[in-house]
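Please read it beside the coordinates.

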Amino acid sequence: MAPAREPLGHFELEVLQYLADHQPATVRQVATHFASTSGQARTTILTVMERLRAKGYLKRRKIDNLQHYATTVTKTDLLQQIVGDFVHDVLGGSVSPFVAYLSQSPLLSEEEARKLHALLKRIESREHGTEP
């Protein structure tokens, strides 16, 4: 199934990321987590999960009389989609403001900076036709 493109709300994204890390999971399992972390009711979680299923982000399968939910996209694909949507919708397609933010962000670790440097080298190689 192709990744869904319908926008996600903040809480929908939280639920989807939780499921990506804990799938397959029942509504009860997800609701128990969010009840303890944010006080959300089971009915709210069920509504959000069904909305995510309608948008194409989740699938469900009945196992032993319980509905188990799993994501239809990998966490990596989901995060790439979110970042891509942000760059397109908020930054007008320009990654320069994002890179400028990263260059000043205290959240960027040395390890992440090394990974970004390696990615930049790969991009430069691709642009010059020297990619292995």
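This is a predicted model: local features need pLDDT of at least 70, side-chain atom pairs count only at pLDDT 80 or more; totals for chains, interfaces and linings use all residues.

Residues are numbered from 1 along each chain as its sequence is written, and side-chain values use heavy atoms, without hydrogens and water.

**Pockets**

A pocket is an open set of points on a 1 Å grid over the protein atoms alone, where a 1.4 Å probe fits, with protein on both sides within 12 Å along at least five of seven lines; lining residues have an atom within 4 Å of a point. Volume is the space filled by probe spheres set on the points, which are joined across faces, edges and corners. Lining classes are nonpolar (Ala, Val, Leu, Ile, Met, Phe, Trp, Tyr, Cys and Pro), charged (Asp, Glu, Lys and Arg) and polar (the others, Gly among them). Helices (H or I, at least four residues) and strands (E, at least two) are DSSP runs, numbered from the N terminus.

The largest pocket has a volume of about 1,100 Å³. It is lined by 24 residues, and Phe98, Val99, Leu102, Leu116 and Leu119 are the closest to its centre. Helices H4 (75-89), H5 (96-104) and H6 (110-127) each supply at least two lining residues. H6 gives the most, with 9 residues. By class, this lining holds 14 nonpolar, 6 polar and 4 charged residues.

The second largest pocket holds about 200 Å³ of space. Its lining has 12 residues, with Pro7, Leu8, Ile82, Asp85 and Asp89 nearest the centre. Here H4 gives the most, with 5 residues. The classes are 6 nonpolar, 2 polar and 4 charged.

**Ring pairs**

Rings of Phe, Tyr and Trp (its six-membered ring) pair if their centres lie within 6.5 Å; planes under 30 degrees apart are stacked, over 60 edge-to-face and the rest tilted. How many aromatic pairs does this rule give? The count is 2.

| Pair | Centre distance | Plane angle | Type |
|---|---|---|---|
| Phe11 and Phe34 | 5.2 Å | 75° | edge-to-face |
| Tyr18 and Phe34 | 5.7 Å | 70° | edge-to-face |

Tyr18 in H1 and Phe34 in H2 are 16 residues apart. Phe11 and Phe34 are both buried (under 20% relative accessible area; exposed is over 50%, partly exposed in between; 1.4 Å probe, protein chains only). Tyr18 is buried too. Ring pairs join Phe11, Tyr18 and Phe34 into a cluster.

**Two residues**

Thr71 lies in strand S2 (residues 66-71). Is Thr71 buried or exposed? Its relative accessible area is 9%, so Thr71 is buried. A polar atom of the Thr71 side chain lies 2.9 Å from the backbone oxygen of Val73. Contact means heavy atoms within 4.5 Å. Not counting residues up to four places away in sequence, Thr71 touches Leu16, Leu19, Ala20, Gln23, Tyr57, Leu58 and Lys59.

Leu78 belongs to helix H4. Its relative accessibility is 1%, so Leu78 counts as buried. Leaving aside neighbours within four places in sequence, Leu78 is in contact with Leu8, Leu13, Leu16, Gln17, Tyr57 and Val73. Leu78 and Thr26 are 52 residues apart in sequence and 21 Å apart in space, C-alpha to C-alpha.

Technical notes. A polar contact is a pair of N or O atoms within 3.5 Å; within protein, one must be able to donate a hydrogen and the other to accept it, and residues adjacent in sequence count only if both atoms are side-chain atoms.
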